[in-house]
Amino acid sequence: MKYLGLIWRNAWRKKIRTSLTILSVLVAFLLFALLSAIGYAFKSGADVAAAERLVVINRISLINPLPISYQSRIASTPGVESVTHASWFGGYYQEPRNQFAQFPTVAGDYFAMYPELNIPEEQLEAFAKNRTGAVVGHELATQFGWKVGDRIPIQATIWTKADGGRTWEFDLEGIFRNEDPRGSTAFMLFNYDYFEEARAFGKGTVGWYILRVEPGANPVEIANAIDEQFANSPSETDTSTEAAFAASFAKQFGNIALIVTMILGAVFFTLLLVSGNTMSQSVRERISELAVLKTLGFSDRSVLGIVLSESILIMFIGGILGLGIGWLLVQGMAQQMGAFLPGVYLSPLSMLVALSIMIGAGVLAGVFPAVKAMRLSIVDALARG
Amino acid sequence: MKSINQIIAVTALNIRNLPQRIGGSLVAVVGVAAVVLVFAAVLSMAKGFERTMVNAGSTDTAIVMRSGSTAELNSGLSNEQVLIVTNSEGIMRDGDEPVASAELYVVVDIRKKGTNDDANVPLRGVQAGAFDVRKNISLAEGRMFETGKNEFIVGRAAQSEFAGLDVGSEIRFGQINWQVVGVFEADGSVSESELWTDVRVLQDVYRRGNSFQSVRVKLENEAALKGLQESLAADPRIDADVMTERDYYSGQAQGLSQFIKMVGYPLTILMAIGAVFGALNSMYASVTVRGKEIATLRALGFGPMPVLFSTIIESTLLALTGGIIGGGLAFVVFNGFRVSTLNGASFSQVVFDFAVTPDLLWQGLIAALIIGLVGGFFPAIRAARLPVAQALREL
């Protein structure tokens, strides 16, 4: 620490060079922040899924419905605490590009199933009471400027009404938030009863069931028990934990995660090269100075430390700045496009990874020149100077 | 003339002694190569995806779906409505029969090869006209499915990506066993990501009664589309969207390809800025190292312009070298790289190949050129302004 002043002054010896290096480090970590936030969105919330919740879908595929009659049979399976259901509505607001998720469900049951979703008590009651009521997540409400009391027309892409209409109108009764900052709130919930009564076809079915297992119960056993119950029926089921379900859905996007990783790899390779080169350059130019330091009695260790610290310092200045700007941009992105790409989030884990990369890259970039500086023979160096 | 000769002379000198400064120069080259590589790789994903989607659509085939449905998966048409469409004016006929195919589109879970993960693979029920309403599509292996039987043919791309789809094998969806009887090819288009079976069989298995989701019709000519749109709009028995197959597939491609571009271009610009910093750094270093040389040249009577230009040319050449390396790597590694991903618009898998196209490589080289020019400009000015006397004294 006592050498901090020396390190600082050394780093700024060549202002242009150091600034340029810091800027390129900044760019690299800005990229890191943006890419890992987008990569997070592709995990489809696998991290926020709860292990005590199971999802029951049609074995053939998610798009095939399940009979509503399954609800009571699932509920009576030993170890199941509570069950609710939801369906995919697939509508949009005003224009097709404003597509977001809407789920017809049972108001009280759904919020009981997802305690992390917070909604004022009176809003929930109003929602349950009003047949054409709906609630939306905070992200959506911000994006479209909706307020409680608004009447929101949603254009259906699948579910035409029995009267042939495609416009479903809902009264906005409440706005919910997600306690977990990683969880998306870019969706709308409305009453299944209204959906069931007004739709032209598909009556008596739901999209999927969500159930909570009793504390201490084995989710895998319960999942098997449910699937066995419906085996060889016209609608066989596939039950998995919410986490496994989210993860398998995320994997449908395929190698995108791999490609993002490869890009990050390329970026960091470049970053290391640029900063590593700058560091070794600046040490080479300073060989006689370092020799003077050693003549003055600085130990080999101190010289090593000074050179290495300088490289880590440069990496940190650029890295923290880049990460900070990236964080701000990600916040903005989450606000602006939450409805289209839900779950954009810069996780603490990614930030930790970024910090360790800063240290690692700083050490890697500085270690060769630093060792060279440490091994410097005073006589040779001064003679060369 | 004299100054051009001087520029050539100084540049040649510069390039000849490049090997002495190879470390710093390599950094600039690698930096630019990384930019072009990432640019070409990311954008080749969008290109490949668009190619796969747009290839599938012809402009003289119309697709009719229930109005507002945005994708086949969401749509629904009754048998009566299908007949209204196929008996409209302007539809090509083969003898007495209209060239048309009413189809059902469902999704089945099939394992992705080399993973334990299920993917949403489209299973399409088609009528006999399916091959005639599409272009460049043909049976490549095995035989056609027979009507009324639980058998299907598989697209070449789907077969290469998903497990258990070899001709002759059996696969189970729900409670039904299906037989894979053939493979079809469609010029790498999105149809190749699908499995095809008899639409009647699919209606039965999925309990869809006598309903369909879309009907494709071959138009007599491209102009007939308008007539079809008008006559269906006027018919109270049907409420449908009519568009060319090409427009439909371009619409389906938009979401994902715009997303890739929205990520890809800003990413490239950011990386390019990073590379400019790298190039500036190494060119400044190069000017510093060559300080004595430049001063000597100036003392010998060379003007500041040749020095300026030679520095810019050096940096541009380095950047272009990087660009060529990056573009070449992108082409070798990524061109034809096959992936499958979930297309949100159809909620099903699309198999496509990355396409590192000449125009992508060209754009990459232009980016490299810009990086080189910017990265060389400021150091070049410093080189030109180098105070001769002082630089020589440092000798």
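Reader: In which strand is V213(A) found?

Author: Strands here are DSSP runs of E with at least two residues, helices are runs of H or I with at least four, and both are numbered from the N terminus. V213(A) is found in β12 of chain A, residues 208-213. This is a predicted model, in which local features need pLDDT of at least 70, side-chain atom pairs count only at pLDDT 80 or more, and totals for chains, interfaces and linings use all residues. Residues are numbered from 1 along each chain as its sequence is written, and chains are lettered from A and ligands numbered from 1 in the order in which they are written.

Reader: Is V213(A) buried or exposed?

Author: Count the other C-beta atoms, placed from the backbone, within 10 Å of a residue's own: 20 or more is buried, 12 or fewer exposed, and in between partly exposed. V213(A) has 22, so it is buried.

Reader: Which residues does V213(A) touch, not counting those up to four places away in sequence?

Author: A contact means C-beta atoms, placed from the backbone, within 7 Å. V213(A) touches E52(A), L54(A), G79(A), V80(A), E81(A), P219(A) and I222(A). As for V80(A), it lies 133 residues from V213(A) along the chain, yet their C-alpha atoms are separated by 4.5 Å.

Reader: Which residues touch the most other members of the largest nonpolar core?

Author: A nonpolar core is a set of buried Ala, Val, Leu, Ile, Met, Phe, Trp, Tyr and Cys residues joined through C-beta atoms within 7 Å. The largest has 161 residues, and V32(B), V35(B), V36(B), V38(B), A40(B) and I371(B) touch the most other members. Helix α2 of chain B, residues 22-56, gives the most to this core, with 21 residues. Another core, of 51 residues, lies apart from it and includes L140(A), W168(A), F170(A) and I222(A).

Reader: At what angle do α8(B) and α10(B) pack?

Author: Axes are lines fitted to C-alpha atoms, for helices over the stretch in contact, and angles run from 0 to 180 degrees between N-to-C directions. Helices α8 (245-289) and α10 (304-334) of chain B pack at about 135°, with axes 11 Å apart. Under 35 degrees is roughly parallel, over 145 roughly antiparallel, 65 to 115 roughly perpendicular and the rest oblique; α8(B) and α10(B) are therefore oblique to each other. Taking part are A279(B), M283(B), S286(B) and V287(B) of α8(B), with T311(B), E314(B), S315(B) and A319(B) of α10(B).

Reader: How many residues does each chain give to the contact between A and B?

Author: Chain A gives 41 residues and chain B gives 42. Elements giving two or more residues on the chain A side are α2 (15-42), β8 (151-156), α9 (242-251) and α10 (256-285).

Conventions:
Two residues are in contact if their C-beta atoms, placed from the backbone, lie within 7 Å.
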